[in-house]
Amino acid sequence: MAKTLILGIGTTGLRIIEEAQQYHYEFTGRNKPGKNTSYIYIETDTSRLAKSTAGGNSEIEAVLFDFDQINVDIEILNKEKTIDSSWIPAVNYLEQSHLGAGGMPSFGRLSLWKTNNYQNIRSTIERKFHEIGGDKDTTILVVGTLTGGTGSGLAVDIAYLIQDILPNNVKNIHSLFLLPNRSSLIEDISLHENSFSATTAINFYSDPKNSFNIVWPDKSKFKSSAPPY
């Protein structure tokens, strides 16, 4: 039986999984196909929780990313002359941990660098993979939107984190990301800026000439020449 791990990023990622869960419940009376499928989502707005179906429960597990005590020294980054520090969020915003990424990719990405957030998503992916009896043929699907701060900020890092955790499944990691329509360009240009920056990053690392190199919050190193999705 095919096995699938579905991971939602941000509010839209949660809504996509909620719709899938609701659709399955309406036709089968169950929230998901069976023990071969698992739902999880990452959310930086800690007030947003998964909706239950009419059965009174939800199979969607939350991994809430708050911003308290981010394990990055913002002052040092701001003083570093060799990098562009204009993207770095203000410390006083990060201290308001319940507000989420606020539509800013830099906030979404920095949320992964809180040690607890990183450890929680890593351990949850590992646990959920084993709960469904995951193997080299298991499909991992990442869903969300590239218009918001959480999705656009985490889209690339999450893909490579999954590759690091599940090296035998690199070819089975897929994504479904929503993009803004043309009319929204006038209404909110930031939606298009976020999407452009995220798709540019995904395209960059999809070129085999470009390798993804990173030192994770636990100080472990990872390198990959595979595309993120």
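In the predicted model, strands β1 (residues 4–9) and β2 (residues 37–43) are paired in the parallel sense through 6 bridges. Within this pairing, I9 is located opposite I42 of β2. Both strands belong to an open sheet of 5 strands, arranged in the order β3-β2-β1-β4-β5 with parallel pairing. The edges of the sheet are formed by β3 (60–64) and β5 (173–178), each of which pairs on one side only. From one strand to the next, the twist averages 20°. Helix α6 (residues 149–165) packs on the sheet and touches β1, β2, β4 (139–145) and β5. The direction of α6 makes an angle of about 150° with that of β1.

In soluble globular proteins, nonpolar side chains tend to be buried together. The largest nonpolar core in the model comprises 35 residues. The residues with the most contacts inside this core are L7, L112, I121, I125, I162 and W216. At least two core residues are supplied by each of β1, β2, α5 (115–131), β4, α6, β5, α8 (189–206) and β6 (212–215). Helix α6, which also packs on the sheet, provides the largest share of the core, with 8 residues.

The surroundings of I125 were examined individually. When residues up to four places away in sequence are not counted, I125 touches L5, L7, I40, I162, I165 and L166. Of these contact partners, L7 and I162 are themselves listed with I125 among the residues with the most contacts inside the core. Another core, of 7 residues, lies apart from the largest one and includes I6, L14, I60 and V143.

How values were computed: Residues numbered from 1 in each chain as written. Predicted model: local features only at pLDDT ≥ 70, side-chain atom pairs only at ≥ 80, totals over all residues. Heavy atoms only, no water. Pairing = 2+ DSSP bridges. Helix = DSSP H or I, 4+ residues; strand = E, 2+ residues; numbered from the N terminus. Axes fitted to C-alpha atoms, helices over the stretch in contact; angles between N-to-C directions. Contact = heavy atoms within 4.5 Å. Core = buried A, V, L, I, M, F, W, Y, C linked by side-chain atoms within 4.5 Å. Buried < 20%, exposed > 50% of the residue type's maximum accessible area, 1.4 Å probe, protein only.
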